[in-house]
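Colleague: I'm new to this one. Can you walk me through it?
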Amino acid sequence: MFFDEEIDKVVSKEWKKFIYGDTCIESNMRSIILDSWKRSRQYSVDPLKIKNQVISKEELNRIILRKQNLINVASSYINKIYSFVKGSGFVVYITDEDGTILSLVGDEDIITSANKYSGLCIGANRGEYYAGTNAIATSLAIDEPVQVYGSEHWVKFHQKYTCSAAPIHDEDNNIIGCLDITGIKENVHSHTLGMIVAAVDGIEKEMKIINAYNKIFIANNQLSTTLNSINSAIIVVSKNGNILHLNHSALEMFNLHSNCINKRINDILEYDKHILNFENITNNYMDIEITVKNISCSITTVNYNNKYDQIEGYVISFREMKRIHKIVNKYSGFSATYTIDSIIGHSSLISYVKKLCQKASKSISNVLILGESGTGKELVAQSIHNASSRHNEPFIAINCGALPKGLIESELFGYEGGAFTGAIKEGKPGKFELADGGTVFLDEIGDMPLDTQVNLLRVLQNKEIVRIGGNKPKPIDVRIIAATNKNLFQCIKNNTFREDLYYRLNVFTINVPPLRERKSDITDLVYHFINYYNYSLNKNVTKIDDAAMNAMINYSWPGNVREMENIVERAINIVDTDEITIKDLSYELLYAFESDDIKIEPPFTQSKKIKSIHYESISNYEDLNYKKTNLEKDELIRALISSQGNAVKASDELGISRRTLYRKLEKYNISIENYR
């Protein structure tokens, strides 16, 4: 409706009655206005004064920053509305949900006048609890569009104006602001409120569109972040084979650029499409091995659907087999722990070995380590690996003498699914595949069967392996370190070792000296093992007496460093003080050590205790040899008892190979089954 001066006079009279406590005639008032007056009085808003409630500049900036999206969207609507009423004495402005004015546009004279007489400015608050009844305050209070005419305003200084306002909602129907137009009361038109309501409707719809785009943007960011947080290479393709997304891992693995988005995946990636066609995936696949751009990968595919449960495309995950093997190796213990500093001793012989290890670590050539059993050949191999550029890659040790002949090739080179009875249907990688990028340590290489030597020679020459039951070679990058306690020249003469393999391996040879040839290192080794087993066994042994140390130095050490470690461990276990004495040492060492008045208690043998032996009673070689023979048998039995009949553990404890263990058991007619 247009402004009606007569009605305004009636309302003005009712307003005067109300503010002075008289009862007004409700029929002369609109209910929403009377209710607002009641709230204004309850808020103690003085109707005869202007309350200039203007927030600080800092607080205003914080609110504007929080409401920036609303202000940006509403600005175009405010300017459009003002273009319709420009020059007719109107101001258009927007507030937040509390009634704080955030932005305004209007005729300069009305802005100046409104600021002077009613406190209208950016940062002012038009809520009912500050300004009493007005269109902004009442529309926010009742959550409806409202037009307030002249005398309907609570504060007298506002009564020269008419204002029209409508609340603005977000997509969840929460009030986020208010749009208002204020002008001289005589200039108001009934269409003014309709114009404001239409503008608010446009603002709300545009805000919803912006929020929808923002959610899509966030979803895309979440997808991108999720894909990039995955170590596997991920490519998302549409049902017609176009690339929609790919993560950083895919870009790096296949040396791609982000401009391949929307291009066909088969135009981007080179692979064998007879195994799996990425543009024609008919099922979900799990861990399919395939070579993509010369990279061996394990591929998993998962389809995604639309809301009608129709397939729209696939997510393809590429995991580099080399990385999978690295993870397997990490949790399977396929790593080297010893370094060159782990090689204990300062003798010229062992110092030369350390020097050779340093040189070997800087080379890519194969290494052959020679030495008696127990001298620490694997320690040397690990120290070379850890000092080399491959130190972060796998170190896989294989005992060629411990593997059954029928299994050694499948262990080394792996097999395809169904290659033989009992094979895993998916196939299994061999140690060479698992060690890709790292080092393979072939211990007891002299015990490798001849037919396996042929395949090993092919691996060394071609740098690739073929799984058992397979026909496709797989390139590998491994360094070979081999070791043996055998005379390989003699093995070549006996036709048990290939001459061509020997020369292929014997590029960088390191001879590890037996302990008896580096006696100056014995004291260092003894105290090294004392410290180690003090820690692991929670003991506090600090010294070893002279007699015991002399026995250690003068002993021939047929089992070398491994034998010494076992002797020190045994002594740490049984000693009751902080000092190891000669009686705490093992019996084989004591029998070999000549002393004048030392009695020892030999071990139990099958629950029968042998009488004490006085060293002086051992007067001839045959008697001594007889006692040593019995001692060897006793030690075999002790090792079988402690290992519960486990041949591998027993042979390691004795410092001999499994073959040697079985020969000795046969010699003394000992059945290993009795100890399991």
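Colleague: What kind of model is it, and how are residues numbered?
Modeller: This is a predicted model, where local features need pLDDT of at least 70, side-chain atom pairs count only at pLDDT 80 or more, and totals for chains, interfaces and linings use all residues. Residues are numbered from 1 along each chain as its sequence is written, and side-chain values use heavy atoms, with hydrogens and water left out.

Colleague: How many residues are in the largest nonpolar core?
Modeller: The largest nonpolar core has 30 residues. A nonpolar core is a set of buried Ala, Val, Leu, Ile, Met, Phe, Trp, Tyr and Cys residues joined through side-chain atoms within 4.5 Å. Buried means under 20% relative accessible area, exposed over 50%, and partly exposed in between (1.4 Å probe, protein chains only).

Colleague: Which residues have the most contacts inside that core?
Modeller: Phe432, Leu442, Ile445 and Phe497.

Colleague: And which elements give it two or more residues?
Modeller: Among them are strand 12 (395-399), strand 13 (439-443), helix 16 (450-462) and strand 16 (479-484). Helix 16 gives the largest share, 4 residues. Helices (H or I, at least four residues) and strands (E, at least two) are DSSP runs, numbered from the N terminus.

Colleague: What does Ile445 touch?
Modeller: Leaving out residues up to four places away in sequence, the contacts of Ile445 include Leu368, Leu456, Ala483 and Phe497. Contact means heavy atoms within 4.5 Å.

Colleague: What lies apart from that core?
Modeller: Another core, of 29 residues. Tyr93, Ile101, Ile111 and Cys163 are among them.

Colleague: Now the sheet. What is the strand order?
Modeller: The order is 12-13-16-11-17, in an open sheet of 5 strands with parallel pairing. Two strands pair if DSSP finds at least two bridges between them.

Colleague: Which strands stand at the edges?
Modeller: Strand 12 and strand 17 (508-511) do. Each has a single partner strand, so one side of each is left without a neighbour in the sheet. The twist averages 20° from one strand to the next.

Colleague: How many bridges join strand 12 and strand 13?
Modeller: They pair in the parallel sense over 5 bridges. Ile398 has Leu442 in strand 13 as its bridge partner.

Colleague: What about strand 16, how many of its residues are buried?
Modeller: 6 of its 6 residues are buried. Arg479, Ile481 and Ala483 lie on one side, with Ile480, Ala482 and Thr484 on the other. Strand 16 pairs with strand 13 over 4 bridges, and strand 11 pairs with strand 16 over 4 bridges. Thr439 stands opposite Arg479, while Ile369 has Ala483 as its bridge partner.

Colleague: Which helix lies across strand 17?
Modeller: Helix 12 (residues 348-361) lies across strand 11 (367-370), strand 16 and strand 17, and runs at about 155° to strand 17. Axes are lines fitted to C-alpha atoms, for helices over the stretch in contact, and angles run from 0 to 180 degrees between N-to-C directions.

Colleague: And helix 13, what covers its buried residues?
Modeller: The cover includes helix 12, strand 11, strand 12, strand 13, strand 16 and strand 17. Val380, Ala381 and Ile384 are among the buried residues of helix 13 (residues 377-387).

Colleague: Switching topic: how many disulfides?
Modeller: The whole structure has 0 disulfides. A disulfide here is a pair of cysteine sulfur atoms within 2.5 Å. Cys297 is buried, at 0% relative accessible area. Cys357 is buried too, at 0%.

Colleague: Is Asn247 buried or exposed?
Modeller: Asn247 is buried, at 0% relative accessibility. Its place is in the loop between strand 7 (243-246) and helix 9.

Colleague: What does the side chain of Asn247 reach?
Modeller: The side chain of Asn247 reaches the backbone oxygen of Leu227 at 2.7 Å. A polar atom of that side chain also lies 2.9 Å from the backbone nitrogen of Ile234.

Colleague: And Asn262, buried or exposed?
Modeller: Asn262 counts as exposed, at 57% relative accessibility. Asn262 is found in the loop between helix 9 (248-253) and helix 10 (265-268). Leaving aside neighbours within four places in sequence, Asn262 is in contact with Asn242, Ile243 and Leu244.

Conventions. A polar contact is a pair of N or O atoms within 3.5 Å; within protein, one must be able to donate a hydrogen and the other to accept it, and residues adjacent in sequence count only if both atoms are side-chain atoms.
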